[in-house]
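Work through the following exercises with the sequence and the model open. Each task is followed by a solution in steps.

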Amino acid sequence: MNGYSSTDFTDYMVYSDPSKLVTLDHEPSLIIENESGMPVLDGAEACYPVYSAVAKAIYKDIDKIEEQYKNDKYNGKIVTFTNTVNGYYRLVDGKIDMLFGARPSKEQTEYAKSYDKTLRQTLIGKEAFVFFVENDNPVSDISSEQLRAIYHGDITNWKEVGGKNQAIVAFQRPEGSGSQTMMEYFMGDVTLKEPKSYEQYNAKDGIVKVVANYANEDGALGYSFRYFIEGLMQEKNVKILSIDGVYPTTENIRNGSYPLVTGLYCVTLENETNPNVEKVLDFLLSEDGQYIIEQTGYVGIGE
């Protein structure tokens, strides 16, 4: 995906054949026929299968349209992908109409305000923010307070939370990503310690420091969203932890007993001029839209 993704989305493109996209067995209530009226989409890596499936369902001939642009730098013309960080910039700059992902960070909200724009957040599904470890780590449950202490730097060894006498290697995510934004909300007033990082050469900036990715190191601890781990299987040989004694099953996400339930949002701009944006939002909240969201692997917003 032109360097924007760690996921192989070959089977999730609107023109993919065979395809892993969720489909409807009937004609949806909304069909947008005019290409010029189709809202341009972008979003988080874990949300691509959702909005790609939605576009495939309601944008007429989107497969033929997008196949012509599969080598575009944004990975498409209408069903684009540049991830959360770039997506928010593109939304504010008017390059896209709808962004799918976690709620915006404080910085992203302020960025919009600096251009006299307001971000509108529409809840379209539910998701679990999860922490994960190596499969052979004996720790299976951890408390919210212990996690905050680890990421603040107060707890540094697994034996302090019932594990082996082994240093905790606590990974973070890049600033502005959906999971890092969620982590900042989770930490509240507790500050995050300096993230594990490495240096890489960038032709424009020379040597730059980059946040290190989870890589199954001994004693590793990471965080992400459940669908990214279970649906896209982007972290191998890992175990999701229960938090405060509750595991993030679909039912525990639905009933809110899992403590780190978060929203799946479609973010747009207030005073949007394309009337089809509102129509797509209505579709996402309809029975068909919720079916696509749930069958993809998220939890709907119904009771």
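**Exercise 1. The cavity**

How much space lies in the largest cavity?

Solution. The model is predicted, so local features need pLDDT of at least 70 and side-chain atom pairs pLDDT 80 or more, while totals for chains, interfaces and linings use all residues. Residues are numbered from 1 along each chain as its sequence is written, and side-chain values use heavy atoms, with hydrogens and water left out.

Step 1. Take the definitions. On a 1 Å grid over the protein atoms alone, a cavity is a set of points where a 1.4 Å probe fits but cannot get out; a pocket is an open set with protein on both sides within 12 Å along at least five of seven lines; lining residues have an atom within 4 Å of a point. Grid points are joined across faces, edges and corners, and a volume is the space filled by probe spheres set on the points.

Step 2. Searching the whole structure gives 1 cavity of 30 Å³ or more. The largest cavity holds about 40 Å³.

Step 3. Its lining consists of Phe-132, Phe-171, Gln-172, Arg-173, Asn-213, Tyr-214, Gly-222 and Tyr-223. By class these are 4 nonpolar, 3 polar and 1 charged. Here Ala, Val, Leu, Ile, Met, Phe, Trp, Tyr, Cys and Pro count as nonpolar, Asp, Glu, Lys and Arg as charged, and the others, Gly among them, as polar.

**Exercise 2. Phe-171 and strand 8**

Locate Phe-171 and describe strand 8.

Solution. Step 1. Phe-171 sits in the loop between strand 5 (169-170) and helix 6 (178-187). Helices (H or I, at least four residues) and strands (E, at least two) are DSSP runs, numbered from the N terminus.

Step 1. The relative accessible area of Phe-171 is 2%, so this residue is buried; buried means under 20%, exposed over 50%, partly exposed in between (1.4 Å probe, protein chains only).

Step 2. Contacts (heavy atoms within 4.5 Å) of Phe-171, leaving out residues up to four places away in sequence, include Tyr-151, Lys-196, Leu-221 and Tyr-223. Leu-221 is 50 residues from Phe-171 in sequence, yet their C-alpha atoms are 6.0 Å apart.

Step 3. In strand 8 (residues 220-225), 6 of 6 residues are buried. Ala-220, Gly-222 and Ser-224 point one way, and Leu-221, Tyr-223 and Phe-225 the other.

Step 4. Strands pair if DSSP finds at least two bridges between them. Strand 8 is antiparallel to strand 3 (residues 119-134), over 5 bridges, with Phe-129 opposite Phe-225. Strand 8 runs parallel to strand 5, joined by 2 bridges, and Ala-170 stands opposite Leu-221.

**Exercise 3. The largest pocket**

Which residues lie nearest the centre of the largest pocket?

Solution. Step 1. The largest pocket contains about 930 Å³ of space. Of its 35 lining residues, Glu-45, Asn-83, Arg-173, Pro-174 and Ser-177 lie nearest the centre.

Step 1. The largest share of the lining, 4 residues, comes from helix 3. The lining divides into 15 nonpolar, 15 polar and 5 charged residues.

**Exercise 4. Cysteines**

Solution. Step 1. A disulfide is a pair of cysteine sulfur atoms within 2.5 Å. The count by this rule is 0 disulfides.

Step 1. The cysteine sulfur closest to that of Cys-47 belongs to Cys-266, and at 9.6 Å it is too far for a bond.

Step 2. Cys-47 is buried at 4% relative accessible area, and Cys-266 is buried at 0%.
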